[in-house]
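This report walks through one chain, beginning with a single residue and its surroundings and then moving out to the whole. Please keep the sequence and the model in view while reading.

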Amino acid sequence: MSRKVRVRFAPSPTGPLHIGGVRTALYNYLFAKKHNGTFVLRIEDTDRNRYVEGAEQYIIDALTWCTIPFDEGPGKEGDYGPYRQSERKHLYKNYAEELIEKGSAYYAFDTPEALDHHRKDHEAKGKTFIYNWHNREKLTNSLTLTAEETKSRIASGEAYVVRFKMPHEETVLLHDRIRGEIKIDAALLDDKVLFKSDGMPTYHLANIVDDHLMEISHVIRGEEWLPSLALHVQLYKAFGWTPPEFAHLPLIMKPTGKGKLSKRDGDKMGFPVFPLTWETSVGYKEAGYFPEAVINFLALLGWNPGDEQELFTLAELVEAFELERVHKSGARFDPDKTKWYNHHYLQLQSNEDLANSYASILEKELADDYAKFTIDYITTVVSLVKERATFVADLWELSSYFFKAPESYTDKATKKHWKEETPNILVSLAAVLTDLSKFDGATVETSCKEWIAEQELSFGKVMPPLRLASVGDLKGPHLFDIMSLIGKDESIGRINSAVASL
């Protein structure tokens, strides 16, 4: 790779960053790091009508949380700034004029009403109106007006746009790192607007100029930009610049596999589509996902390493990533798979870290009683139940009985295991527990089992009711671990409560 690798993620601050955008940023980041290159964040904010307050900061915060930080961008100024297009707008007019001087662009004065008239006229004849070589010399532009007329119209403040003069007598040959060779008949392309009389460029001009000035070596972006590729390559040619290499990423599809994944799909099916919460849409962070899980599942949505490996650290992703292994077709989003990843990353968390995260949930659930429990106690509880958790929020349902006695007992378990003789059995067992001087798990287990054998009882008559009394259900880790942790007094108290209420 002869050019120094410089890639850019160039979102518009028109709302929150969709996970499709996060994946684009991730692939750019992975490619840059793989080749010791630079990952640039450029904010494309030239469309002031669609600009949303707070969206730029959201994009930066989202990339930071996802652990894919940019090397250059707003707030991290490098040698190629500024990194907001609105702060670069003084640059674009000169480049539009350069194309006009080269004969590769022209001024067009057609009013919206005139263009609408042409569209309707074509529709009436069963045709489609395209502003291009076919009709450009019948319309109101600097190709049909004299130089004096053109100057006079501009000087009088008449609204105009600058259009690219698309060469039409050729086949445009394009190369995409993911899709291979693409051929486009230039005669079918329109003369796109590059610059408007309000002094603002369109996306196409600003994008090409910025990529050139920022020395972007590879443009890795979503496939929605594939139809613009021929125009962008022709613009590079018109300027006499070396174009970057292009790679167009597949869409992320709905869970059904039909159509592009949208915010509406997430709202309807109850999963996030944004990295962080935006207005009423909960983000992956707030839904309890770990950033490592989000990065891992996003990386494999549209790319595979060539083997069966599914779990990757960020460093491993950098090592394994190849653009040529990105799929051409859309990748179906699977909400259950995202949970599978999160479950895995939760298991990798230390018990101490999980306990600290869980503490805020306990504080809400237990109110004043929260102070009774040390972080060491919470850490031990977490170690016993985390295997079944996918999110930190799951820990309460899995372990609430470690912190408060059951207030009710599940019907199904009660009907099956609470018999007429059960109260007498448990009262007798409670007396045995009362006499124990040590109350660790092993001692409690040995004593209970010896007593059961002495009484010639079956385990089925004692253990399920004992668990029901301790937990309120037949769930949870090893029963004697539960009893030793909640302590002797609490264990006996719970047996007595169950006998009294059941």
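## Arginine 136 and its surroundings

Not counting residues up to four places away in sequence, arginine 136 touches Tyr106, Tyr131, Asn141, Leu143, Thr144, Lys165, Met166, His168 and Asp191, where contact means heavy atoms within 4.5 Å. Arginine 136 sits in the loop between helix H4 (112-124) and helix H5 (147-155); helices (H or I, at least four residues) and strands (E, at least two) are DSSP runs, numbered from the N terminus. With a relative accessibility of 5%, arginine 136 counts as buried, a class that means under 20% relative accessible area, with exposed set at over 50% and partly exposed in between (1.4 Å probe, protein chains only).

This is a predicted model, in which local features need pLDDT of at least 70 and side-chain atom pairs count only at pLDDT 80 or more, while totals for chains, interfaces and linings use all residues. Residues are numbered from 1 along each chain as its sequence is written, and side-chain values use heavy atoms, with hydrogens and water left out.

## Serine 217

Serine 217 is placed in the loop between helix H6 (203-213) and strand S8 (218-222), and its relative accessible area of 1% makes it buried. Once neighbours within four places in sequence are set aside, the contacts of serine 217 are Arg3, Lys4, Val5, Arg6, Pro244 and Glu245.

## Cysteines

Cysteine 66 is buried at a relative accessible area of 0%, and cysteine 448 is buried at 1%. The count of disulfides comes to 0, a disulfide being a pair of cysteine sulfur atoms within 2.5 Å.

## The chain as a whole

The chain contains 20 helices and 11 strands. Its radius of gyration, taken over C-alpha atoms, is 33 Å, well over the 23 Å that the globule rule (2.2 Å times the number of residues to the power 0.38) gives for 502 residues, so the chain is more spread out than a compact globule. Along its principal axes, the C-alpha trace spans about 110 × 50 × 40 Å.

Of the 502 residues, 49% count as buried. Among contacts between residues at least 6 apart in sequence, 72% join residues at least 24 apart.

## Charged side chains

The chain carries 61 positive and 75 negative side chains, and the centres of these two sets lie 5 Å apart. Lys and Arg count as positive and Asp and Glu as negative, while His and the chain ends are not counted; each charge is placed at NZ of Lys, CZ of Arg, CG of Asp or CD of Glu.
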